[in-house]
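Welcome, and thanks for taking a look at this one. Here is a short briefing to read alongside the sequence and the coordinates.

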Amino acid sequence: METEINNIGCANLKKYSGKTSTAIIPFPENKILMIKRNTIPFKGYWALPGGRIDPGETIEQTIVREVKEETGLNITIVSKLGEYIGKGVKDDVEYEYYPTCFVVKPVSGEIKKQETEIQEIKLFSLNELPKPLAFVHEEMIKDYVDTSKTA
C-alpha cells in the first residue's frame, strides 16, 4: 500500500505498509545470497531478497515469485524462520512492513539480478556481512544463525 501524507510544515512523506516476504538463501561455505537495493527506502543498502505481497497471493507464493524476479533462481521453501515488524522513516518514506522470513533452497535457474530494482547481487559469508542492512534483515540473519546452531 502506498499513500502520501501531507504534514503541515513537513515535506510530503510517502508511506509504504503491508505484508512482505523475505528469503535467506544459504550457499556452501556458510554464505548467503544478498541483493543491493536500487529502490527506496534503503536504496544502496544490502538486503535479503524479497518484497511485498500481491493481492490474492499467499506469503509463500510471494517469496517464490520475488526470489525468481530478483535473483533468477527457482526455489523451494525449507522452513519459516519467523514473522517480524519493521517500521521507521528512511529516504523520505515512512514504512511499516510485516515481513515473514523463510529459509529457502535453490532448485533451478542461474543467479541473474533484476535490472531495475537491484544494483548488485552477491554471496556474503555469515561472518562478514555488510552493515548496516536494510529493514530488520540483521535481526533475521541473527535468528537464522542462532537456529542453525541448535539444529
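What follows goes from the overall fold to the pocket, the cores and a few backbone details.

This is a predicted model. The protein chain holds two helices and 10 strands, and its elements run β-β-β-β-β-β-α-β-β-β-β-α from the N terminus on. Its largest pocket has a volume of about 470 Å³, and its largest nonpolar core has 17 residues.

**Overall shape**

- The radius of gyration of the protein chain is 15 Å, which agrees with the value near 15 Å that a compact globule of 151 residues would have.
- Along the principal axes, the C-alpha atoms fill a box of roughly 50 × 35 × 30 Å.
- Of the 151 residues in the protein chain, 40% are buried.

**The largest pocket**

- The lining of the largest pocket is made of 29 residues, and Arg-37, Gly-50, Gly-51, Arg-52 and Glu-70 lie nearest its centre.
- Two or more lining residues come from each of strand 2 (13-24), strand 4 (31-37), strand 6 (50-52), helix 1 (59-71), strand 9 (93-109) and helix 2 (137-150).
- Strand 2 gives the most to this lining, with four residues.
- By residue class, the lining of the largest pocket divides into 13 nonpolar, nine polar and seven charged residues.

**Nonpolar cores**

- Inside the largest nonpolar core, the residues with the most contacts are Ile-24, Ile-32, Met-34, Leu-48, Leu-81, Ile-141 and Tyr-144.
- Strand 4, strand 9 and helix 2 each give two or more residues to this core, and helix 2 gives the most, with three.
- Tyr-144 is in contact with Ile-24, Pro-26, Ile-32, Leu-81, Val-103 and Leu-126, leaving aside its neighbours within four places in sequence.
- There is also a second, separate core of 10 residues, including Ala-23, Ile-25, Ile-63 and Leu-73.

**His-137 in helix 2**

- His-137 has its place in helix 2.
- Is His-137 buried or exposed? With a relative accessibility of 6%, His-137 counts as buried because the cut-off is under 20%.
- Apart from neighbours within four places in sequence, His-137 is in contact with Thr-22, Ala-47 and Leu-48.

**The loop between strand 4 and strand 5**

- At 8% relative accessibility, Phe-42 counts as buried.
- Gly-44 is also in the loop between strand 4 and strand 5 (46-47), and its relative accessibility of 33% makes it count as partly exposed.
- Leaving aside neighbours within four places in sequence, Gly-44 is in contact with Lys-36, Arg-37 and Gln-119.
- From C-alpha to C-alpha, Gly-44 and Ala-134 are 9.1 Å apart in space, while they are 90 residues apart in sequence.

**Other backbone details to check**

- Lys-131 and Pro-132 are joined by a cis peptide bond with omega about -5°, and Pro-132 sits in the loop between strand 10 (118-125) and helix 2.
- Asn-30, in the loop between strand 3 (26-27) and strand 4, has a positive phi of about 60° although it is not a glycine.
- Asn-30 counts as partly exposed, at 44% relative accessibility.

Key
Residues are numbered from 1 along each chain as its sequence is written. This is a predicted model: local features need pLDDT of at least 70, side-chain atom pairs count only at pLDDT 80 or more; totals for chains, interfaces and linings use all residues. Side-chain values use heavy atoms; hydrogens and water are left out. On a 1 Å grid over the protein atoms alone, a cavity is a set of points where a 1.4 Å probe fits but cannot get out, and a pocket is an open set with protein on both sides within 12 Å along at least five of seven lines; lining residues have an atom within 4 Å of a point. Grid points are joined across faces, edges and corners, and a volume is the space filled by probe spheres set on the points. Ala, Val, Leu, Ile, Met, Phe, Trp, Tyr, Cys and Pro count as nonpolar, Asp, Glu, Lys and Arg as charged, and the others, Gly among them, as polar. A nonpolar core is a set of buried Ala, Val, Leu, Ile, Met, Phe, Trp, Tyr and Cys residues joined through side-chain atoms within 4.5 Å. Buried means under 20% relative accessible area, exposed over 50%, partly exposed in between (1.4 Å probe, protein chains only). Contact means heavy atoms within 4.5 Å. The radius of gyration is taken over C-alpha atoms; the globule rule is 2.2 Å times the number of residues to the power 0.38.
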